[in-house]
Amino acid sequence: MACDGIFSGASPVAKAAATLFAAQNRYDVKSGRVLSLVQKEQDRPAAREELLHYGICKLSRPYCYFPQERAQKTADELMGGKLWVYPPIPPMVYTLDTMDWNVKHSDFQASFQLHLHALVPVQVMTQAFEATKERRYLDFARRFTQAWQAYAANPENYTGDKFNKYVWNDHSTSDRAKILIYYGKVCRQAGYGDETFEEWLYQILKEQGDWLFDNSNYIHRHNHGVMEDEALFQLSILLGVKEWSQRAEERITGQLDFAFNAEDVHVENSPGYARGVAALFTRVANFLQANNQPLGEKIKKRLAKCYEY
């Protein structure tokens with residue numbers, strides 16, 4: 001029998017009560033229980049401090065070695081046992097769990113090693129996920145990164161007779177940091193992973209930041225040093241480590257003073273190289289401006305004169 005009056009679900013009083021109840025409680029689908037959200041302030045658990053500040057760090061997509069239209073096919077081949085790391089180099093047959101990370105492959109062994117340890121396959125997996133929204137690509141990217149971690153955790157794997165300079169190298173480490181940063185951003189946007197995942201990602205990014213922060217690993221008066229600073233700026237804002245940004249600012253200012261003379265003309269005689277270096281500084285400046293860092297505008301002003309010549 002229909003129920004009328006103030007006890008009817010359609011009555012104004014019932015609607016108001018339901019609205020108040022919904023505002024103060026939530027229904028847990030799994031347990032079938034009503035969970036009250038009306039708690040004393042001291043009873044509420046403290047909010048977990050965010051480890052990775054993707055919400056405030058404005059990031060653009062890093063340079064992709066593989067074009068987007070090739071990403072899914074390349075990712076599928078990577079998962080199927082073909083190790084792609086750089087488009088001009090033919091893939092190598094491999095098994096992730098038993099792979100030799102020091103392998104000498106193709107006629108371009110140095111380039112192969114550089115892009116392998118930069119974790120370009122992780123970037124390809126991230127691109128494939130962006131195109132398809134299939135989480136298996138993010139899963140494999142995590143597995144690939146963890147396999148590299150297991151190898152890199154033991155220095156005996158790449159020192160002494162097994163010396164491999166590309167494991168920790170100015171170019172490979174700066175690229176690896178930016179690739180992992182973007183992987184983390186895409187994972188965050190997709191709701192992928194839990195607190196354990198973010199703690200793992202935080203630790204591996206911090207390891208890259210600590211290495212890049214160390215001046216003994218820095219390449220002065222060279223575009224590779226600028227690449228290191230670019231990665232360290234991103235890590236500084238993302239992880240909230242102010243001293244990393246301060247050091248990157250000191251170093252990149254020195255790079256600017258070396259690269260450009262008193263008239264802000266690039267000292268390199270090769271126009272092509274000069275344009276490449278200017279483009280690198282511009283990319284750094286764009287990131288800094290997007291994240292409200294005054295240094296970005298200062299770099300842009302110096303580059304403006306450079307482009308006049």
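This is a predicted model: local features need pLDDT of at least 70, side-chain atom pairs count only at pLDDT 80 or more; totals for chains, interfaces and linings use all residues.

Q: What makes cysteine 64 buried or exposed?
A: Cysteine 64 has a relative accessible area of 19%. The cut-off for buried is under 20%, so cysteine 64 is buried.

Q: What is the make-up of the chain, and what percentage of its residues count as buried?
A: The chain has 11 helices and four strands. Of its 309 residues, 46% count as buried. Among contacts with a separation of 6 or more, 64% come from residues 24 or more positions apart.

Q: Which residues make the contact of helix 2 with helix 5, and how do they divide by class?
A: Helix 2 contributes Gln72, Ala75, Asp76, Leu78 and Met79, while helix 5 contributes Arg136, Tyr137 and Phe140. By class, this contact has five nonpolar, one polar and two charged residues.

Q: How do helix 7 and helix 9 cross, and which residues meet there?
A: The axes of helix 7 (residues 195-213) and helix 9 (residues 242-259) cross at roughly 40° and come within 10 Å. Helix 7 passes helix 9 in a left-handed crossing. Lys206, Gly209, Asp210, Leu212 and Phe213 of helix 7 meet Glu243, Trp244, Arg247 and Arg251 of helix 9. By class, three of the residues in this contact are nonpolar, one is polar and five are charged.

Q: Which residues of helix 3 are buried, and what do they pack against?
A: In helix 3 (residues 109-117), the buried residues are Phe112, Gln113, Leu114, His115, Leu116 and His117. They pack against strand 3, strand 4, helix 4, helix 5 and helix 6. Leucine 119, which follows helix 3, has a positive phi near 65°.

Q: What makes asparagine 291 buried or exposed, and where is it?
A: Asparagine 291 lies in the loop between helix 10 and helix 11. Its relative accessible area is 8% against a limit of under 20%, so asparagine 291 is buried. Leaving aside neighbours within four places in sequence, asparagine 291 is in contact with Ile56, Cys57, Lys58 and Ile237. Isoleucine 237 is 54 residues away in sequence and 8.3 Å away in space, C-alpha to C-alpha.

Q: Why is serine 106 called partly exposed?
A: Serine 106 has 23% relative accessibility. Buried requires under 20% and exposed over 50%, so serine 106 counts as partly exposed. Serine 106 sits in the loop between strand 4 and helix 3, with a positive phi of about 75° although it is not a glycine.

Q: How do you know whether arginine 221 is buried or exposed?
A: Its relative accessibility is 60%, and exposed means over 50%, so arginine 221 counts as exposed. Arginine 221 is in the loop between helix 7 and helix 8, and its phi is positive, near 55°.

Definitions and conventions:
Residues are numbered from 1 along each chain as its sequence is written. Side-chain values use heavy atoms; hydrogens and water are left out. Buried means under 20% relative accessible area, exposed over 50%, partly exposed in between (1.4 Å probe, protein chains only). Contact means heavy atoms within 4.5 Å. Helices (H or I, at least four residues) and strands (E, at least two) are DSSP runs, numbered from the N terminus. Ala, Val, Leu, Ile, Met, Phe, Trp, Tyr, Cys and Pro count as nonpolar, Asp, Glu, Lys and Arg as charged, and the others, Gly among them, as polar. Axes are lines fitted to C-alpha atoms, for helices over the stretch in contact, and angles run from 0 to 180 degrees between N-to-C directions. A crossing is left-handed if the near helix is turned anticlockwise from the far one by less than a right angle, and right-handed if clockwise.
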